[in-house]
Amino acid sequence: MTTTKSHTEVHEANNVEFRKAPEHFFKSQPGTGYITSYEQYKTMYKQSIEDPETFFGKMANEFLDWDRPFTKVKSGTLEHGDVAWFVNGELNASYNCVDRHALTNPDKTALIYEADDEKENRIITYGELLRQVCKVAGVLKSWGVQKGDVVAIYMPMIPETLVAMLAVARIGAIHSVVFAGFSAGSLKDRVENAGCKVIITCEEGKRGGKVIHSKKIVDEGLHCVNSVEKVLVFARTGNLEVPMQRGRDFWWHEETAKQRAYLPPVTCNAEDPLFLLYTSGSTGTPKGVVHSTAGYLLGAAMTTRYIFDLHPEDVLFTAGDVGWITGHTYALYGPLALGAASIIFESTPAYPDYGRYWRIIERYRATHFYVAPTALRLIKRVGEAEIDKYDISSLRVLGSVGEPIAPDLWEWYNEKIGKNNCAICDTYWQTESGSHFIAPMAGAVPAKPGSASVPFFGVDAVIIDPVTGKELEGNDVAGVLAVRSPWPSMARSVWNNHSHYLNTYMNVYPGHYFTGDGAGRDNDGYYWIRGRVDDVVNVSGHRLSTAEIEATLSTHDGVAEAAVIGINDDLTGQAIVAFVSLKKITHVDDPTEEMEDDSPEELRRELIFLVRGEIGPFASPKAIIAVKDLPKTRSGKIMRRVLRKIASNEADQLGDLSTLADPDVVPSIVESVNKQFLKFKK
């Protein structure tokens, strides 16, 4: 059978050495980086916490252009949920991301479009972007879209999607981007909740060589929706034969041709909503997280500059979709606010082959690469041989997003992609935070593989004892991660449901923002994210972190990924159930058959003994279930609530599955549970 690696060797937080950025890190840039030392970071961080008015007042004037100066930097409290930043200030996000760069350097590259079919790639300059944004904004204005109206955008990862977002912002309206992989029902829920008057979409999309019938999905989603008056349709594939409803549906190319190439931006208050982004829970309808204009934009710009050390001449490749917060902040608003170039990637890392990412980096000399560990694990497993075929020496900063990156994957990322020459930024943040919470600053803050590292400016992070609700002082502590004071890019509310916002984030630990995540702070003051606090299992009085058990299982050479959940147990209160995908099952259809071929009981015994040896007998799983794949969101997070429901024989109560990257994995998991667990449980 297979051998195992030491859990302690891979995952011991306090004994992981610091990793500094390479000595030559700044040599590709004129002068020095924005943050050049750990001491400089600590000095700036201290001021951001102790004197946020001075610190962020200066930053707001440095990073943003204002139509009207703000009269007060910050007001309100977390406890009352009435936080406001840059009071009475006025500006426009579209102007800050487009006009000011187009007016000074219209020929500079803004967007680099890497299409599904590489023959369709194109580059959009800031001057071109301004003209396109103004024309779409003109269409919306001619349709009566006004400041404060919500416009839904249901489009693939193409430049026109970003054009649409900026056009909505230009006229002071609010964009609500719905990921183009969502079903008609999920789209309908979001459109109805926001009361959208207009939807912008395309007739078809393309991904991985396959055609996606976007307009058909929109038509189905709009059935019996009364708020939508107009639909603007971009011809992505050129199929002009799709059904168009007279008086409601209009072609992008026809309507924009009627508009002027310049439309003045509408002045917005700093606290006016810029966008809604919907998140899903285990029950109820999706919730629209509301982000403000100035605070969000400042957070996007500051984190992009200071954490990624992004300069105007750099090229940022964020391999994420604008249907999610990562794409909003680090494919659009962050890089464009700084006048840099952003790569917009429509396809998948496996199409037409596993060299796709590296061709993109080579082709455009990308300096920054930002991707989820899920994609890295896929490439490590099946596409590693492609890496050395391409020149990716232009890379200077590597980012990780969506989940904590395991130390062994961090090392692989550093060696295989970074060639030991790049700074690596493992970033921890949320849709609600708007921008990075905790991350090492490239070239300045030393990194520890597996640790999110240190808080960003203005993020007053604390660890709370979940039993007493008290803050835990000093280092070498573990508990619940919270934030003690407001920061500019934090979400302001949930659309039309402020009480839910307060109850979810502010009332759990009064005076704090509740992240919902467990974390530890080690002896060096570095933070280690331990997963959602509802993913803590209480077995016979022992509170166990599912993330710790997962990390142990993942050290087994035969395990590709692991997810651990707790279910009710009459004897112990809760019992541990582990789901594992095996490295070998990429070649077979049925993971249970593969386990039978490889002596399933022997493998299960090895995994149980591994957990017993590394954590303790009380942490032994009651069942270990082999599955083809785990249920994940498109950002790479495992949806453990789905596994919990299935293992509890409640597969008919799974709730909202709209954020799953591949909903088809659910039936196969149900089958595996029925075959391997429930029949024995009965």
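Helices and a loop in a predicted model

Reader: Which residues of helix 4 meet Y333, L336 and A337 in helix 11?
Author: This is a predicted model, and in it A93, N96, C97, R100 and H101 of helix 4 are the residues that meet Y333, L336 and A337 of helix 11.

Reader: OK, and at what angle do helix 4 and helix 11 pack?
Author: Helix 4, which covers residues 93-104, packs against helix 11, residues 325-337, at an angle of about 55 degrees, and their axes are 9 Å apart.

Reader: Is the crossing of helix 4 and helix 11 left-handed or right-handed?
Author: Helix 4 passes helix 11 in a left-handed crossing.

Reader: Switching to helix 2, which of its residues are buried?
Author: In helix 2 the buried residues are Y41, M44, Y45 and S48. They cover an arc of only 105 degrees around the axis, which means that they sit on the same side of helix 2.

Reader: And what does the face turned away from that buried side carry?
Author: That face of helix 2 carries the exposed residues T43 and E50.

Reader: So what covers the buried residues of helix 2?
Author: The cover includes helix 3 (52-63), helix 10 (294-306) and strand 21 (461-464).

Reader: How far apart are the end C-alpha atoms of helix 2, and what span should its 13 residues have?
Author: Helix 2 runs over residues 38-50, and at 1.5 Å a residue its 13 residues should span 18 Å; the end C-alpha atoms are 18 Å apart, so the two values agree.

Reader: What about helix 15, which residues are buried there?
Author: Helix 15, made of residues 498-506, has Y501, L502, Y505 and M506 as its buried residues. Seen down the axis of helix 15, these residues fall within an arc of 100 degrees, so they line one face of the helix. They pack against strand 23 (493-494) and strand 24 (513-521).

Reader: New topic: where is D272 found?
Author: D272 lies in the loop between strand 13 (268-269) and strand 14 (273-279).

Reader: Why does D272 count as partly exposed?
Author: D272 has a relative accessibility of 21%, and because buried means under 20% and exposed means over 50%, a value in between counts as partly exposed.

Reader: Which residues does D272 touch, leaving out those up to four places away in sequence?
Author: With those neighbours left out, D272 touches K147, H291, S292 and T293. As for V290, which is 18 residues from D272 along the chain, the C-alpha atoms of the two are separated by 9.7 Å.

Conventions: Residues numbered from 1 in each chain as written. Predicted model: local features only at pLDDT ≥ 70, side-chain atom pairs only at ≥ 80, totals over all residues. Heavy atoms only, no water. Helix = DSSP H or I, 4+ residues; strand = E, 2+ residues; numbered from the N terminus. Expected span 1.5 Å × (residues − 1). Buried < 20%, exposed > 50% of the residue type's maximum accessible area, 1.4 Å probe, protein only. Arc of directions from axis to C-beta. Contact = heavy atoms within 4.5 Å. Axes fitted to C-alpha atoms, helices over the stretch in contact; angles between N-to-C directions. Left-handed = near helix turned anticlockwise from the far one by under 90°.
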